[in-house]
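Let's take a friendly walk through a protein structure, one part at a time. Keep the picture open beside you as you read.

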Amino acid sequence: MTKYEKVCKTLEDTKKLAQKFAKLIENDGCFINLYGEIGAGKTAFVKEVAASIGITEKVTSPSFVILNEYHSAKIPVYHFDLYRLENEGVKTIFEELREYSEGKQITFVEWAEFSQNQVPFNHIKINVTYEDDDSRKYTFEGFGDECSKIVEELEN
Ligand SMILES: Nc1ncnc2c1ncn2[C@@H]1O[C@H](COP(=O)(O)OP(=O)(O)O)[C@@H](O)[C@H]1O
Ligand SMILES: [Mg+2]
């Protein structure tokens, strides 16, 4: 397991971090769990990653719809928000995702606390904490060889 921590003092810093991360995952994809309180900056980060990889559709929070998907870039982006799902719902939605996700893709899961270990072992965990005003701390942890390597490369 590898770890990388970055304080983003402004939304512009978060954008730069997202662009760097996007470069590392845009070809082979990645499964990403996001943690952090409401308003921390989970969706903001997903939006910047999506823009960086060339998603042209408007990226919005999936809080009410549970899953948004975007197909305008090289690989698909799936963006979950599990906050409103019941236990059974989580199982169903991840089964469905597995069925249509044979190829490379980027999957973001907000409120991964509710995912009940339905997520793959190889994944990146991003924890977002509110520092003050426009300052946020993003902490990345990579699980599995490939994801660990991606997190290591964020240092460079
Ligand atoms: N450095 C920063 N990084 C990310 N978001 C920031 C930053 N500074 C201010 N913000 C603002 O904080 C809010 C984060 O909201 P959002 O990403 O929807 O949170 P979450 O998805 O974690 O509930 C946005 O309005 C965003 O513009
Ligand atoms: Mg959100």
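Two residues count as being in contact if their C-beta atoms, placed from the backbone, lie within 7 Å. With that in mind, look at helix H4, residues 145–154, which lies across S1, S2, S6 and S7 and runs at about 145° to S7. Please remember that this is a predicted model.

**The sheet**

In which order do the strands of the open sheet stand? The 7 strands follow the order S1-S7-S6-S2-S5-S4-S3, and their pairing is mixed. At the edges you find strand S1 (2–8) and strand S3 (67–70); each has a single partner strand, so one side of each is left without a neighbour in the sheet. From one strand to the next, the twist averages 15°.

For a detail, look at strand S2 (residues 30–35) and strand S6 (residues 123–132), which run parallel and are joined by 4 bridges. Tyr35 stands opposite Asn127 in S6.

**Helices on the sheet**

| Pair | Angle |
|---|---|
| H4 and S7 | about 145° |
| H1 and H4 | roughly 145° |

The axes of H1 and H4 come within 10 Å, and their crossing is right-handed. Which residues of H1 meet H4? They are Lys20, Phe21, Leu24 and Ile25, and their counterparts in H4 are Ile150, Glu153 and Leu154.

**A look at Ile32**

Ile32 has its place in strand S2. Is Ile32 buried or exposed? A residue is buried if 20 or more other C-beta atoms lie within 10 Å of its own. Ile32 has 26 other C-beta atoms within 10 Å, so Ile32 is buried. Leaving aside residues up to four places away in sequence, Ile32 touches Thr107, Phe108, Val109, His123, Ile124 and Ile126. The C-alpha atoms of Ile32 and Val46 are separated by 9.9 Å, and these two residues are 14 residues apart along the chain.

**Around the ligand**

Finally, turn to ligand 1, which has 17 residues around it. Which of them come nearest? Those are Thr14, Gly41, Lys42, Thr43 and Ala44. Helix H1 (11–25) and helix H2 (42–52) are the elements that give two or more residues to this shell. By type, the shell around ligand 1 divides into 6 nonpolar, 7 polar and 4 charged residues.

How values were computed. Residues numbered from 1 in each chain as written. Chains lettered and ligands numbered in written order. Predicted model: local features only at pLDDT ≥ 70, side-chain atom pairs only at ≥ 80, totals over all residues. Near = placed C-beta within 6 Å. Nonpolar A, V, L, I, M, F, W, Y, C, P; charged D, E, K, R; others polar. Pairing = 2+ DSSP bridges. Axes fitted to C-alpha atoms, helices over the stretch in contact; angles between N-to-C directions. Left-handed = near helix turned anticlockwise from the far one by under 90°. Buried ≥ 20, exposed ≤ 12 C-beta atoms within 10 Å, placed from the backbone.
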